[in-house]
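This briefing is for a reader new to the structure. Please look over the sequence and the model first, then read the notes below.

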Amino acid sequence: MTLPGKVTIYEVGPRDGLQNESALVPTHVKAEFVRRLLAAGLPVVEATSFVHPEWVPQLADAAELMAELGEAGRDLPVLVPNERGLDRALELGLKHIAIFGSATETFAQRNLNRGLEDQFAMFEPTVRRAREAGLDVRAYVSMCFGDPWEGEVPIDQVVEVGKRLFDLGAGQLSLGDTIGVGTAGHVTDLVEAFVAAGMDRDHLAMHFHDTYGQALANAYSALQAGITTFDASAGGLGGCPYAKSATGNLATEDLVWMLTGLGIEHGVDLTQVVTTSVWMAGKLGRPSPSAVVRALAESPA
Ligand code: HMG
Ligand code: MG
């Protein structure tokens, strides 16, 4: 099995990480977090969400954050669920948005206040207008492996929803294991099902949460299946306020450690990310759940 020579890490700590924290992080701390991650060599840092501020109060300062980040912020992707979110992003001159659909009915209702079918009516004009304005669009699909209310999610259902979201005009589809129940064989089956349905592997990204400690094994399985973009969160922060039992994302440091060991190019300075996560853990008042952060913070390699 040949592994890819190079991988892109799509950092979601400031968005997926901070959306689930009970503490409200001041805007200037978030800006510093984003700047430190960029300085550590992360090629993409998803900065925040233009969702309803009452739905995710942790990220209600999205406009202030992007203003504080200035020119550097314009190249960073932000989550946008609908046309109202797109308008807010356009006002700030942002160039990359990510829509986020659900593979299941229950999570669509809980996360988007829409049914599975109705989510497309919300995303279609959002993506069309974004593309007309020259923006680049990523599409997430959540609950690709299991859903806390519906159990295991059939692969055909995930492929159908994912392809429909991608075909709206996205450049990349990120497959989310929102509650971290996926296992390595399931990852291979899902990737192969998307490929069999006509998706190019280069258009797929994997988004693992580490609830059951499977995220790194799943990432390795996806690498073997030819995936070259991985979402990860500095220090393993993360979760979804609307998905019971969703915990932290795959930690960026754990992924970087494995990729380095495999000789796969990633361009990230591990020491700088660890230092950033330790600093952020201090701000949040709790230690990072990442094993690599703990090991390196105690005795730097
Ligand atoms: P809704 O209440 O159905 O919205 O919420 P609406 O369209 O009926 O509008 C109601 C009011 O909200 C209107 O104001 C709108 O203007 C306003 P009014 O006219 O009554 O004064 N409004 C907004 N305001 C600011 N920004 C907006 C916006 N939209 C409407 N964008 C909505 C629907 C989708 C907005 C809501 O359900 C929502 O914000 N959901 C977001 C939930 C969320 O952020 N979840 C976490 C991210 S997903 C995730 O973490 C998974 C992921 O990591 C992948 C994985 O792990 O699988 C991506
Ligand atoms: Mg997530």
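Is Asn218 buried or exposed? Asn218 counts as buried, because its relative accessibility is 0%; buried means under 20% relative accessible area, exposed over 50% and partly exposed in between, with a 1.4 Å probe and protein chains only. This is a predicted model, in which local features need pLDDT of at least 70, side-chain atom pairs count only at pLDDT 80 or more, and totals for chains, interfaces and linings use all residues. Residues are numbered from 1 along each chain as its sequence is written, chains are lettered from A and ligands numbered from 1 in the order in which they are written, and side-chain values use heavy atoms, with hydrogens and water left out.

**Asn218 and its contacts**

- Asn218 sits in helix α10, residues 215-224; helices (H or I, at least four residues) and strands (E, at least two) are DSSP runs, numbered from the N terminus.
- A polar atom of the Asn218 side chain lies 3.0 Å from the backbone oxygen of Gly182. Such a polar contact is a pair of N or O atoms within 3.5 Å; within protein, one must be able to donate a hydrogen and the other to accept it, and residues adjacent in sequence count only if both atoms are side-chain atoms.
- The Asn218 side chain also reaches the backbone nitrogen of Ala184, at 3.0 Å.

**The magnesium ion**

- Which protein donors does the magnesium ion (ligand 2) have? They are Asp16 (OD), His207 (NE2) and His209 (NE2), which lie 2.1 to 2.3 Å from the ion.
- Donors are N, O and S atoms within 2.8 Å of the metal (3.2 Å for Na, K and Ca); water is not among the atoms, so sites may look incomplete.
- Along the sequence, the spacing of the donor residues of the magnesium ion is D-x190-H-x1-H.
- His207 counts as buried because its relative accessibility is 5%, and His209 is buried with a relative accessible area of 3%.

**Ligand 1**

- There are 27 residues around ligand 1, and those that come nearest are Gln19, Asn82, Asn111, Ser142 and Thr178. A residue is near a molecule or strand if one of its heavy atoms lies within 4 Å of it.
- Which elements each supply at least two residues of the shell around ligand 1? They are α1 (13-17), α5 (83-91), α6 (105-112) and β6 (136-142).
- The largest share of this shell, three residues, comes from α5.
- A nitrogen atom of ligand 1 lies 3.3 Å from a backbone N or O atom of Val51.
- A polar side-chain atom of Asn82 is 2.8 Å from a nitrogen atom of ligand 1.
- For Ser142, a polar side-chain atom is 2.8 Å from an oxygen atom of ligand 1.
- Ligand 1 exposes 1100 Å² when taken alone, and the protein buries 75% of that. Accessible areas come from the Shrake-Rupley method with a 1.4 Å probe; for residues, only the protein chains shown count as cover.

**Positive phi angles**

- Asn113 is not a glycine, yet it has a positive phi of about 60°.
- Asn113 belongs to the loop between α6 and α7 (118-132), and it counts as partly exposed, at 49% relative accessibility.
- Met143 likewise has a positive phi of about 60° although it is not a glycine.
- Met143 is in the loop between β6 and β7 (146-147), and it is buried with a relative accessible area of 0%.

**Other buried residues and C-alpha distances**

- Cys144 lies in the loop between β6 and β7 and counts as buried, at 0% relative accessibility.
- Cys144 and Gly238 are 94 residues apart in sequence, and their C-alpha atoms are 17 Å apart in space.
- Gly238 is placed in the loop between β11 (229-232) and α11 (252-261). Gly238 counts as buried because its relative accessibility is 10%.
- From Gly238 to Val293 the separation is 55 residues in sequence and 15 Å in space, C-alpha to C-alpha.
- Ile9 is in strand β1, residues 8-11, and counts as buried, at 0% relative accessibility.
- The C-alpha atoms of Ile9 and Gly267 are separated by 8.9 Å, while the two residues are 258 apart along the chain.
- Gly73 lies in helix α4, residues 71-74, and is buried with a relative accessible area of 0%.
- Gly73 and Asp177 are 104 residues apart in sequence and 27 Å apart in space, C-alpha to C-alpha.
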